[in-house]
Amino acid sequence: KGVYNSFVFLGNQTDIPELLKQIDIFVLPSLWEGLPLVLLEAMAAKKPIVATDVNGIMEIIHSEEEGILVPSKNPAALSSAILRLLNNDELRERIAANGYIKVMSEFNLDKMIEKTESVYLKFARN
């Protein structure tokens with residue numbers, strides 16, 4: 001009943017890029033996160049994002065720029081943000097484009113190697 005027919009729980013998947021092609025909005029309602037790689041994958045797939053404003057996620061997404069952030073444990077805010085994106089093509093497209101630009105510029109392979117190397121060099125000097 002309700003939204004039961006709107007969701008499919010797929011279990012463990014290995015074809016994430018193909019699955020991301022099929023969705024309209026990526027939603028990550030976490031209670032806590034480190035660095036959620038799935039968020040970077042969604043951004044690289046040019047998907048608009050709704051996520052909770054917890055550590056890790058807030059390090060990647062600025063609300064209203066690369067996604068919409070809502071408080072954790074707040075289903076009303078989460079559903080409101082999802083509906084807002086579903087009903088606003090311009091906002092959905094802008095957020096998806098901003099997310100793509102950010103992930104390609106700040107989380108590309110060269111940048112990630114540079115950041116990782118700087119951490120090792122910092123500890124090597126100490």
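Thr 14 is exposed, at 77% relative accessible area. Exposed means over 50%, buried means under 20%, and partly exposed is in between, with a 1.4 Å probe and protein chains only. Thr 14 sits in the segment before helix 1. Helices here are DSSP runs of H or I with at least four residues, strands are runs of E with at least two, and both are numbered from the N terminus. From Thr 14 to Val 50 is 36 residues in sequence and 23 Å in space, C-alpha to C-alpha.

A word on the source. This is a predicted model, where local features need pLDDT of at least 70, side-chain atom pairs count only at pLDDT 80 or more, and totals for chains, interfaces and linings use all residues. Residues are numbered from 1 along each chain as its sequence is written, and side-chain values use heavy atoms, with hydrogens and water left out.

Stay in that segment before helix 1 (16-21), because Phe 9 is there too. Phe 9 is exposed, with 79% relative accessible area. Together with Val 3 and Phe 7, Phe 9 makes a nonpolar surface patch of about 410 Å². Patch residues have over 30% relative accessible area and no salt bridge; like charges are joined within 9 Å, and nonpolar side chains (Val, Leu, Ile, Met, Phe, Trp, Tyr) within 5 Å. The areas come from the Shrake-Rupley method with a 1.4 Å probe, and for residues only the protein chains shown count as cover.

Now charges. Side chains of opposite charge can pair when their charged atoms come close. The rule for a salt bridge is a side-chain nitrogen of Lys or Arg within 4 Å of a carboxyl oxygen of Asp or Glu. How many salt bridges does this rule give? The count is 4. I'll take three pairs.

Arg 84 pairs with Glu 64, with the closest N and O atoms 2.7 Å apart. Arg 84 is in helix 3 (residues 75-86) and Glu 64 is in the loop between strand 2 (49-52) and strand 3 (68-70), so this bridge ties together parts 20 residues apart in sequence. Both ends are partly exposed: Arg 84 at 38%, Glu 64 at 27%.

Next, Glu 66 and Lys 102. Their closest N and O atoms are 3.9 Å apart. Glu 66 is in the loop between strand 2 and strand 3, Lys 102 is in helix 4 (residues 89-106), and so the pair ties together parts 36 residues apart in sequence. Are Glu 66 and Lys 102 buried or exposed? Both are buried.

Arg 92 and Asp 89 meet at 2.4 Å, N to O. They lie 3 residues apart, about one turn of the helix. Arg 92 is buried, at 18%. Asp 89 is partly exposed, at 45%.

On to Ser 30, in the loop between strand 1 (26-28) and helix 2 (37-44). Ser 30 is buried, at 9% relative accessibility. Its side chain makes a polar contact of 2.6 Å with that of Glu 33. A polar contact is a pair of N or O atoms within 3.5 Å; within protein, one must be able to donate a hydrogen and the other to accept it, and residues adjacent in sequence count only if both atoms are side-chain atoms. Setting aside neighbours within four places in sequence, Ser 30 touches Thr 52, Val 54, Ile 57 and Ser 72. Contact means heavy atoms within 4.5 Å.

Last, helix 5. Asn 108 caps its N-terminal end, with a side-chain oxygen 3.1 Å from the backbone nitrogen of Asp 110.
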